[in-house]
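Reader: Hi! I'm new to this, could you walk me through a protein model?
Author: Happy to, let's take a look together.

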Amino acid sequence: KSGAGKSYACKDEALRALMRGVEYYIIDPEDEYGRICEAVGGQYVRLSGSSAHHINPFDLAEGANRDGETRDALTERLLALQGLLGLMLADRGEGLTQRERGALDRALLETYRRMGITRDLATHAKPPPIRRDLYEVLREDDPLGLADRLERFVDGSLGEGFSSPTSVELDRPFVVFNLRDLEPELRPLGVYLIADHIWREVRRNRKPRMLLIDEAWSLIQHEEGARFLASMARQARKHYLGLTTVTQDVEDFLAMPEGHTILANSSVQLLMRQDSSTIDAVTSTFRLSAGEREFLLSCRKGEGLLFASGNHIALRIEASPYEHELATTDPVELAEREQEVRNAHG
């Protein structure tokens with residue numbers, strides 16, 4: 001439920017993981033993690049139409065994978081782009097048809113070929129294409145109307161985002177991706193792009209990392225996004241990546257089979273205060289006792305049930321004074337702090 005303390009709990013967890021040497025990536029749709037990022041010297045990436053930060057989904061993974069085996073980077077990228085384009089071009093809750101996928105595959109290969117990039121590893125260092133290059137290829141031969149659907153993501157109202165070469169480097173141990181200024185329709189694309197960008201780095205270089213996706217339901221409600229997130233949930237652990245998904249829309253999250261896959265692959269769940277309109281779905285999914293059900297309906301901010309290793313534990317999130325100063329979003333406290341700053345500066 002909104003205001004139950006989800007973000008507060010996640011901020012505390014992120015700070016403590018960072019102190020244990022875990023690199024932390026956060027996809028932040030509401031600009032709630034900026035203060036923490038600044039305090040720890042993190043990297044703050046703002047994605048919007050007017051931002052200088054860009055992620056090009058056509059980038060190829062560099063070199064061999066971490067086990068020294070030669071990777072088919074072009075095939076990997078084609079599969080990822082099929083997922084992204086499915087998000088962009090298919091109706092919500094549906095995927096692209098086999099004919100559409102085939103047409104896109106041919107167009108994508110041609111787009112890379114025109115940039116001099118083939119399956120030959122020697123060509124993979126060349127500059128990759130961008131979305132407009134694919135659009136121009138599709139325009140030449142498009143009996144399925146794919147170019148018409150892609151046009152608004154190139155020249156139309158949604159054309160400003162993700163259309164340039166990558167300018168984002170994951171070179172700090174704490175990175176926040178702020179999506180607040182993205183158009184609502186672009187947010188699922190932003191989440192997909194960021195997670196895919198991180199996933200490439202994770203598979204290349206093994207070290208302890210966490211990825212937190214706030215409001216993960218925005219991606220789950222799209223078939224391609226749900227499939228991608230479920231695949232990441234299944235594979236993350238073997239690549240030394242922890243995945244945290246946060247949502248207040250439990251029913252939407254579990255409406256898709258992939259939502260249940262993510263839940264089944266999570267070793268820890270934290271349930272916080274629930275609304276009466278969602279408690280039945282939560283009770284059924286997590287097999288809550290009558291007492292646990294009542295606790296979740298009445299618990300205070302910051303309290304919840306932790307499920308781990310077969311145990312159900314009632315807990316309260318407690319922060320140190322410094323953690324609290326960075327994590328709180330209480331408007332009264334923030335207003336008082338702003339007033340103190342103004343008073344200090346005369």
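This is a predicted model: local features need pLDDT of at least 70, side-chain atom pairs count only at pLDDT 80 or more; totals for chains, interfaces and linings use all residues.

Reader: Where does Arg152 lie?

Author: Arg152 is in the loop that runs between helix 6 (146-151) and strand 3 (174-178).

Reader: And how far apart are Arg152 and Gly95?

Author: They are 57 residues apart in sequence, and C-alpha to C-alpha they are 19 Å apart in space.

Reader: New topic! How do helix 4 and helix 5 cross?

Author: The axes of helix 4 (residues 98-114) and helix 5 (residues 131-140) come within 9 Å, crossing at roughly 120°. That angle makes helix 4 oblique to helix 5.

Reader: Is that crossing left-handed or right-handed?

Author: Helix 4 and helix 5 make a right-handed crossing.

Reader: Which residues make the contact?

Author: Helix 4 brings Leu104, Ala107, Leu108, Glu110, Thr111 and Arg114, while helix 5 brings Asp133, Leu134, Val137, Leu138 and Glu140. Sorted by class, this contact has six nonpolar, one polar and four charged residues.

Reader: What is Leu150 in contact with, leaving aside neighbours within four places in sequence?

Author: Leu150 is then in contact with Leu85, Met88, Leu89, Arg131, Leu134, Tyr135 and Leu138.

Methods:
Residues are numbered from 1 along each chain as its sequence is written. Side-chain values use heavy atoms; hydrogens and water are left out. Axes are lines fitted to C-alpha atoms, for helices over the stretch in contact, and angles run from 0 to 180 degrees between N-to-C directions. Helices (H or I, at least four residues) and strands (E, at least two) are DSSP runs, numbered from the N terminus. Angles under 35 degrees count as roughly parallel, over 145 as roughly antiparallel, 65 to 115 as roughly perpendicular and the rest as oblique. A crossing is left-handed if the near helix is turned anticlockwise from the far one by less than a right angle, and right-handed if clockwise. Contact means heavy atoms within 4.5 Å. Ala, Val, Leu, Ile, Met, Phe, Trp, Tyr, Cys and Pro count as nonpolar, Asp, Glu, Lys and Arg as charged, and the others, Gly among them, as polar.
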